[in-house]
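Please keep the model open while you read.

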Amino acid sequence: MRKLGKLNIFIATIISIVFFGCSDLLDREPVSITHPDVYWSSQSEAEQALAGSYALFKYAMTYQANFLHWGEFPGKTFMDSKFWITNYIEGNGNYVLPYRENTQEWKFFYRAANWAFTIEQYVEGMPEELFNTPQEKNRILGEAAFVRALSYFYMTRVWGEIPIVHESIESSDQLITEDGYIVEVARSEEKEVLEYILETTEKSIGLLEYASPGSNNWAITANKASAEALKAHVLLWYASREGGNNELIQQSIDAATSVINNSNTSLIDYVAEGQEGFEKMIKGQSKTGLFEININASMDESFRLAKGGGNHTGMTLDQPILDGNNGAGPQGNPDFYGFEFMIEPERENDVRKELFFNEFDRMGARTFPLKYSLSSDDPASEDPYAVFSESNILIFRLADIYLLRAEAYTKLGEYSAAIDDLNLIRSKAGVPDYSGTLDQSGLIKAIFDERAIELVAEAHVAYDRIRMDYFEGVSWMNSDRKAKSGQFWPVSKDVILRNPSIVQTEYWQGRL
């Protein structure tokens with residue numbers, strides 16, 4: 001694969017590293033990069049390093065609730081934020097957020113990807129006898145490759161063209177050329193990045209095995225089905241960037257079908273399982289999970305529930321879940337996309353209105369999503385409001401993959417197969433079968449709508465809009481903006497200041 005453009009690799013990573021304990025699986029900082037004969041000498045050390053890569057990915061996603069700012073709020077669907085900074089996004093599509101430069105920064109993802117790549121490089125060279133079994137060595141390599149691929153996939157969905165760093169950065173010496181200049185790597189074309197992601201994802205799939213609900217670290221670490229879910233998403237995104245590529249679309253269907261047939265997961269039946277089923281899903285590691293960011297107080301991987309916009313609970317919850325009025329929480333707004341189709345007669349018995357939202361039918365300041373509402377008391381505090389968050393952040397789950405496959409079937413003109421997948425998801429929520437038009441535009445709207453309600457607050461909708469080119473209800477996203485790549489986020493001005501050879505995305509030139 002060819003290398004293009006210029007970016008100071010310095011943004012990609014040299015990390016400050018500390019050693020960590022055993023209980024906080026995904027919140028650990030990675031161990032220091034030392035000579036392999038000194039450190040990389042046992043499976044336990046490789047496992048510790050792997051935990052660090054998950055921790056770095058988690059930090060990139062959750063810092064200042066960034067995963068919502070990238071994947072949810074630009075979709076302008078259901079969640080009408082009261083947070084003044086987020087209003088810049090929702091109100092007029094201005095992604096230039098005051099005091100939020102890190103939302104435009106890709107460095108945290110590069111740190112996660114670089115550390116994962118470093119693990120791959122060192123573990124590959126470790127003798128098999130250092131591991132309990134050869135399969136354990138493969139698993140560690142496969143999970144590291146998954147973190148690397150997933151980090152790059154998020155970056156390309158957020159920024160479009162991004163640099164590809166083809167080596168792990170372990171020393172500052174790697175950042176300086178023999179002539180004393182800063183090493184620079186280009187922003188690569190989006191399709192080249194997607195090829196790199198697919199190559200890394202295939203590596204992960206080849207090394208990992210399927211798992212089952214209840215197995216060790218189920219859904220909070222990657223298995224073969226997690227990687228196949230990523231592949232299905234990457235392929236359909238890739239096809240959309242090429243204006244529709246039937247071969248890529250069919251490959252996405254094949255990957256999604258493998259997940260559905262082999263992942264050992266099953267759908268939550270909201271009608272039959274009710275509140276209990278919903279809470280199991282959002283608590284995490286449920287029968288329907290494929291990959292999640294772990295939020296668990298008993299594993300020292302949680303945080304205090306509190307008002308404000310500093311984390312995803314503060315951005316999505318309000319009273320009575322949080323004590324007192326939360327000025328950062330969202331509110332029901334009938335003018336936002338989603339509420340109109342949810343009050344259509346066919347949705348009368350859609351149980352997700354009650355399960356997924358607080359006071360959906362009353363529509364107002366107390367209407368907000370409940371995906372992050374689970375909590376536990378803080379045993380070390382007498383303060384009745386000292387509670388820990390207990391809801392996982394769901395990255396991939398089975399309903400997402402069914403609806404992704406329905407979208408792919410639709411794009412190939414296989415409408416009957418698409419409707420079967422769509423109706424299966426609707427049936428679990430008490431919604432009657434699809435009865436709309438049998439054409440691509442009608443089905444794309446129906447699938448987008450189903451994803452909007454099923455995956456609300458899980459930060460898919462903004463990416464769905466780009467992939468499906470469906471911007472109904474987003475008046476500020478027009479053809480001129482899309483022609484200048486304005487559906488993507490601007491590159492941080494700090495990146496450009498560090499390396500002036502980086503050219504700002506066309507739409508954002510002169511706006512920062």
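This is a predicted model: local features need pLDDT of at least 70, side-chain atom pairs count only at pLDDT 80 or more; totals for chains, interfaces and linings use all residues.

Residues are numbered from 1 along each chain as its sequence is written, and side-chain values use heavy atoms, with hydrogens and water left out.

**Helix pairs**

Two packed helices are described by the angle between their axes and the distance between the axes. Helices are DSSP runs of H or I with at least four residues, numbered from the N terminus. Axes are lines fitted to C-alpha atoms over the stretch in contact, and angles run from 0 to 180 degrees between N-to-C directions.

| Pair | Angle | Axis distance |
|---|---|---|
| H14 (415-427) and H15 (440-454) | roughly 25° | within 11 Å |
| H15 and H16 (461-468) | about 165° | 10 Å |
| H8 (246-262) and H13 (398-411) | about 150° | 9 Å |

Angles under 35 degrees count as roughly parallel and those over 145 as roughly antiparallel. H14 and H15 are therefore roughly parallel, H15 and H16 are roughly antiparallel, and H8 and H13 are also roughly antiparallel. As for handedness, a crossing is left-handed if the near helix is turned anticlockwise from the far one by less than a right angle, and right-handed if clockwise. H14 crosses H15 in the left-handed sense, the crossing of H15 and H16 is right-handed, and that of H8 and H13 is left-handed.

Now for the residues that touch, where contact means heavy atoms within 4.5 Å. For classes, Ala, Val, Leu, Ile, Met, Phe, Trp, Tyr, Cys and Pro count as nonpolar, Asp, Glu, Lys and Arg as charged, and the others, Gly among them, as polar.

H15 takes part in two of these pairings, and Ile447 can be followed through both. On the H14 side, residues including Ile419, Leu422 and Arg426 meet H15 residues, among them Leu443, Ile447 and Glu450. That contact has seven nonpolar, one polar and three charged residues. Towards H16, Ile444, Ile447, Phe448 and Arg451 of H15 meet Val461, Asp464, Arg465, Arg467 and Met468. This contact is made up of five nonpolar and four charged residues, with no polar ones.

Between H8 and H13, the H8 residues include Ile249, Ser252 and Ala256, and their partners in H13 include Leu398, Tyr402 and Arg405. Here the classes are 11 nonpolar, two polar and two charged.

**Pocket and cavities**

Both kinds of space are found on a 1 Å grid over the protein atoms alone: a cavity is a set of points where a 1.4 Å probe fits but cannot get out, a pocket is an open set with protein on both sides within 12 Å along at least five of seven lines, and lining residues have an atom within 4 Å of a point. Grid points are joined across faces, edges and corners, and a volume is the space filled by probe spheres set on the points.

The largest pocket has a volume of about 420 Å³. Its lining has 23 residues, with Arg139, Glu143, Asn216, Thr221 and Ala222 nearest the centre. H5 gives the most to this lining, with five residues. By class, the pocket lining holds 11 nonpolar, seven polar and five charged residues.

How many cavities of 30 Å³ or more are there? The count comes to seven. The largest cavity holds about 90 Å³ of space. Of its 13 lining residues, Pro74, Tyr95, Ala462, Ile466 and Gln487 are closest to the centre. H16 returns here, giving the largest share of the cavity lining with four residues. The lining of the largest cavity has 10 nonpolar, one polar and two charged residues.

Note on methods. Helices (H or I, at least four residues) and strands (E, at least two) are DSSP runs, numbered from the N terminus. Angles under 35 degrees count as roughly parallel, over 145 as roughly antiparallel, 65 to 115 as roughly perpendicular and the rest as oblique.
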